[in-house]
Amino acid sequence: VNIGVSNGRKSLNNKLLIANGSRLFSTATVQVGLNNNDNKHSDSSGNLVEITGGKLGPSVWDLGAKDLYIGSVNGWNSASKNNKFVLLPGSVVKNVGDIKIGNNEGDFKNNALVLAGGMIRAKNLWVKELNCIDVRLSDSGISPILIENNVTFDFDTYVFPQASPAAKPGRYPLLGWKGKATNLDKLKLAKTVDKNIWKLEVIADKNQIFLNYKTK
């Protein structure tokens, strides 16, 4: 399943919406923003997956133990940025292999897994340099990313939280894992985030990361 595929050209702002009790089963890698060409004009950016529940119940996507890539670049001189995989309330993404956000080649910044009330569970998580986990906090809170094995963060990886007027101050679980964690110290709050409101709390010995929110 590929949303936004660029092969020497531009593939911008494509969207897949899964809603209102949908049930999906996939059997190969899911890629949001796939750029597979060494070409400065090749750009796969601004592509979006949104999953949300509805009156017919939660929407569930079973990835069949295959991987999820958000911002996937196979060409050093090309771009794949601002691609997002958004988990809205009533969404469940399960049986995921590895989640990889961003890539080591090309212009691959600001790709994001967005926590906005939905749930996701995977085997491993790898956030590449200049890419992130977004949080959209509302009155329904957030569900943490649950990782069965290992988590890895590269330099300049970040968490970018936002709060709606209905969001309640509190301590919210952001990420939990069972295996090893690499470069936890490289994960920071985004530079533009108000540090008087938000705090990232990393508890390495308990394999957990929390996000603390308070109002002014």
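The model is predicted, with local features needing pLDDT of at least 70, side-chain atom pairs counting only at pLDDT 80 or more, and totals for chains, interfaces and linings using all residues. Residues are numbered from 1 along each chain as its sequence is written, and side-chain values use heavy atoms, with hydrogens and water left out.

I noted 6 bridges between β12 and strand β15 (residues 157-163), which run parallel; strands are DSSP runs of E, at least two residues, numbered from the N terminus, and two strands pair if DSSP finds at least two bridges between them. Strand β10 (residues 112-115) is joined to β12 by 4 bridges, also in parallel. There, leucine 113 stands opposite isoleucine 133 of β12. I checked burial (under 20% relative accessible area, 1.4 Å probe, protein chains only). In β12 (residues 132-137), 5 of the 6 residues are buried, so the strand is largely enclosed by the rest of the structure.

**Serine 42**

I found serine 42 in the loop between β4 (30-35) and β5 (48-51). At 1% relative accessibility, serine 42 counts as buried. Its side chain makes a polar contact with the side chain of asparagine 35 at 2.6 Å; the term means a pair of N or O atoms within 3.5 Å, and within protein one must be able to donate a hydrogen and the other to accept it, while residues adjacent in sequence count only if both atoms are side-chain atoms.

Methods. Buried < 20%, exposed > 50% of the residue type's maximum accessible area, 1.4 Å probe, protein only.
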